[in-house]
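Welcome, and please open your viewer. Let's walk through this structure one selection at a time.

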Amino acid sequence: MAEQRLTGTGLLTPTPSGARTAESLDTVTVLRDDRQRVSGSRRLSGDDGSGARVTAYVRELLAGAERAWGSVPGAPLQSAVARVRETRRDPRSDGDGAWASASVLARLETVAGPVLIGAGTVGRGLTGSPPAARPPLPPLPSTDLAPEPPAHWRRRPLLLGPAVAAQLVTAAWLAFTSGGSRERLAKLAGRRVLPGLDLLDTAGDQPPDGSDDGGHPAGPLAVVAGGVLRALPRDPDTGLLAGRMVWDHDTRGCAARFPASLRLTGPEVPLPADALELAVCVEGLQRYHADGVLRLDCPARTADEPDRWFMLQLRGRPLRLLQAARGLTGPPAAVHTDHTVTTAALVLPGAAALTEKGTGSLDHI
């Protein structure tokens, strides 16, 4: 059985004379055997016109990103990248009713440093408005940063906005699904690893009614339920996570699906009136380090002085930080960066408590 996959990408770069854009299209036909495993593929050279709707949607995504994020006060748009993927079960079709995913990621330059903002959607067919029409922006500093945090800031409870909480969720997912730690993870299955939180891998841009490229069902996968790590299915031949295998045409074999689409839910707690908020993460050369420590540079503010911003660095092992969470607060938001993570803000103990208990550290930078 043949299946056609079209992947369109595009780049927008603002210039004084107007935005410059470039798009590309990659079309691969994969072949499945009787067990629904992908057994081979071929790349189509040239464009026979079948990908016109995909490249057109890429252009719409980039134009939408420029409209939505091209004039954010104090945060000029540096670039935007769009990606559209369409899976057609019938290669002869024009794409109507095909399963598709679309995402756009923009880089904004703030006074604190570059910040990534994104939007995305999945569903049947490329219909409706692109996802970057006007997504809500996280709070961003638009004036000069304060040289010092306010007094007693280390005693305030910590509020990690969805954009920051998403980094902990992604790191936890990587730890729980790592192929190199299968034996250790198998021993942890059935044990409590998080404080009542649920972590769900929603299958992302994989069609919900089909198989992954290893022939395994590709529906949602509960990684952590009620704080307890679930036993995760593995492909017996490759050791890859079953249901998340994707064919790589260039290597002629399956690899782990990337990026992932994740959702964190759990106990709700009130928003602390005296919270210290880490709103977003500033992009740097490296977040994940060989020692297992995550380092996030974040513009921060207090609940009683929302216009006074200063820089803090959060450091710690992601699982230790999540284990310290008191709960979630506020509405959930979809964060699109390396992965797509839907989560509300996380409430953690203050900086002094994190240091005292050896959970992590929060320092002014």
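Start by selecting D250 and R43, and show their side chains: the two form a salt bridge, with the closest N and O atoms 3.2 Å apart. This is a predicted model, so treat each stop as a computed picture. D250 sits in the loop between β11 (245-248) and β12 (253-256), while R43 belongs to strand β3 (residues 38-43), so the pair ties together parts that are 207 residues apart in sequence. D250 is exposed, at 59% relative accessible area, whereas R43 counts as partly exposed at 39%.

Next, select R244 and D201. Here too is a salt bridge, and its closest N and O atoms are 3.1 Å apart.

While you are looking at charged side chains, select E3, R5, R32, R89 and D213 together. Salt bridges with shared partners join these residues into one network. The structure holds 16 salt bridges.

One further pair leads us to a helix. Select R59 and E23, whose salt bridge has its closest N and O atoms 3.7 Å apart. R59 is in helix α1 (residues 52-69) and E23 is in strand β2 (residues 20-32), so the bridge ties together parts that are 36 residues apart in sequence. R59 counts as partly exposed, with 42% relative accessibility, and E23 is also partly exposed, at 31%.

Now switch to a cartoon view and find the sheet. In what order do its six strands run? Follow β3-β2-β1-β4-β5-β6: they form an open sheet with antiparallel pairing. At the edges are β3 and β6 (113-124), each of which pairs on one side only.

Zoom in on strand β5 (residues 99-110), which is joined to β6 by twelve bridges, the two running antiparallel. Select W99 and you will find R124 of β6 standing opposite.

For the last stop, go back to α1. Which strands does this helix touch as it packs on the sheet? The answer is β1 (2-13), β2, β4 (77-88), β5 and β6. Compare the direction of α1 with that of β4: the two make an angle of about 150 degrees.

Notes
Residues numbered from 1 in each chain as written. Predicted model: local features only at pLDDT ≥ 70, side-chain atom pairs only at ≥ 80, totals over all residues. Heavy atoms only, no water. Salt bridge = Lys/Arg side-chain N within 4 Å of Asp/Glu carboxyl O. Helix = DSSP H or I, 4+ residues; strand = E, 2+ residues; numbered from the N terminus. Buried < 20%, exposed > 50% of the residue type's maximum accessible area, 1.4 Å probe, protein only. Pairing = 2+ DSSP bridges. Contact = heavy atoms within 4.5 Å. Axes fitted to C-alpha atoms, helices over the stretch in contact; angles between N-to-C directions.
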